[in-house]
Amino acid sequence: MKIFYLFLFVTVGFLTGSKLSFKEDDAISTIEMERINSRIIDLKNMINIDHKYNQKIAFLIDMKVPSGKNRFFVYDLEKNVIIDQGLVAHGSGSETGIKGMLKFSNMPNSNCTALGRYAVGKTYRGIFGKAYRLAGLEESNNNALKRAIVLHSYSAVPLEEQDYYISNSHGCPMVNEQFFKRIEKIIDGSKSNILMDIYY
């Protein structure tokens, strides 16, 4: 009888675990997906005009999503599907004091996130370890190199989604260390610059 209950417990646990993982995979809302799709159309048009950018992968960051929820999306441009996602911090200067409302700036020393498309550039080692330089491709973010806005990891950024806001950066898209390792493989394996689109 004990064996039966043990089997039942393991089976229920397995099935429950399966449901939970399905929910996590299905966590992107319809509104978020619509926003992603509208950005992807513009990114594909840009890539079709200028072939120097990676035609297979793009990064999207939706700043409308709270920082405690996954809002950094790795998008497969060929299969039209999100293949990975994670948490990403925004700049401390983007805080307005009103929950859910952010402001953005391209100005040096603003500590703000700047919206727009970026080209993920060369790697270097900084105070947070390995990082990637970001070249702003629009008027809204063309000071990125001057401001030292880079893609990097930080130990204080959690891996899993939270019900509260995560720590802020000085304007950089700052991610979890494990998530960084996953996107690092994609960036290092790319022969052309990957586009990153930060939008609100």
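Buried means under 20% relative accessible area, exposed over 50%, and partly exposed in between, with a 1.4 Å probe and protein chains only. This is a predicted model: local features need pLDDT of at least 70, side-chain atom pairs count only at pLDDT 80 or more, and totals for chains, interfaces and linings use all residues. Residues are numbered from 1 along each chain as its sequence is written, and side-chain values use heavy atoms, with hydrogens and water left out.

**Whole chain**

Colour by pLDDT, the predictor's confidence in each residue from 0 to 100. The mean over the protein chain is 89, and 86% of the residues reach 70 or more. Where pLDDT is low, the predicted coordinates should not be read in detail.

Switch to a cartoon. The protein chain has three helices and nine strands, in the order α-α-β-β-β-β-β-β-β-β-α-β from the N terminus. Helices (H or I, at least four residues) and strands (E, at least two) are DSSP runs, numbered from the N terminus. Of the 200 residues, 43% count as buried. Among contacts with a separation of 6 or more, 55% are between residues 24 or more positions apart.

**Ser29 and helix 2**

Select Ser29, in the loop between helix 1 (2–25) and helix 2. Ser29 is partly exposed, at 31% relative accessible area. A polar atom of the Ser29 side chain lies 3.1 Å from the backbone nitrogen of Glu32.

Next, select residues 30–49, which form helix 2. Its 20 residues reach 29 Å from first C-alpha to last, close to the 28 Å expected at 1.5 Å a residue; the expected span is 1.5 Å times one less than the number of residues. Show the side chains of Glu32, Ile36, Ile40, Leu43, Met46 and Ile47, the buried residues of helix 2. They lie on the same side of helix 2 because they cover an arc of only 125 degrees around the axis, the arc being that of the directions from the helix axis to the C-beta atoms. These buried residues pack against strand 1, strand 2, strand 3 (81–86), strand 5 and strand 9. On the face turned away from the buried side are the exposed residues Thr30, Ile31, Glu34, Ile41, Asn48 and Ile49.

**Helix 3**

Select residues 177–188. Helix 3 has twelve residues and reaches 16 Å between its first and last C-alpha, close to the expected 16 Å. Start at its N-terminal end, which Asn176 caps: a side-chain oxygen of Asn176 lies 2.7 Å from the backbone nitrogen of Gln178.

Which residues of helix 3 are buried? They are Phe179, Phe180, Ile183, Glu184 and Ile187. Their arc around the axis is only 140 degrees, which puts them on the same side of helix 3. Lys181 and Lys185, on the other side, are exposed.

Asp84 is buried, with a relative accessible area of 17%. Its side chain and that of Arg182 are joined by a polar contact of 2.7 Å. A polar contact is a pair of N or O atoms within 3.5 Å; within protein, one must be able to donate a hydrogen and the other to accept it, and residues adjacent in sequence count only if both atoms are side-chain atoms. Beyond four places in sequence, Asp84 is in contact with Phe72, Phe73, Val74, Phe179 and Arg182.

**The cores**

A nonpolar core is a set of buried Ala, Val, Leu, Ile, Met, Phe, Trp, Tyr and Cys residues joined through side-chain atoms within 4.5 Å. In the largest, with 27 residues, select Phe59, Phe72, Val120, Leu151, Val175, Ile183 and Met196, which touch the most other members. Elements supplying at least two residues each include strand 1 (53–62), strand 6 (129–136) and strand 9 (193–199). Helix 3 gives the most, with four residues.

A second, separate core has 16 residues, including Phe73, Leu77, Ala119 and Tyr199.

Centre on Val120. Not counting residues up to four places away in sequence, Val120 touches Phe59, Tyr132, Arg133, Leu134, Ile187, Asn193, Ile194 and Met196.

**Two loop residues**

Finish with Asn80, in the loop between strand 2 and strand 3. Asn80 has a positive phi of about 55 degrees although it is not a glycine, and is partly exposed at 42% relative accessible area. Then select Asn109, in the loop between strand 4 (88–89) and strand 5. Asn109 is not a glycine either, yet has a positive phi of about 65 degrees; at 77% relative accessibility, Asn109 counts as exposed.

Notes
Contact = heavy atoms within 4.5 Å.
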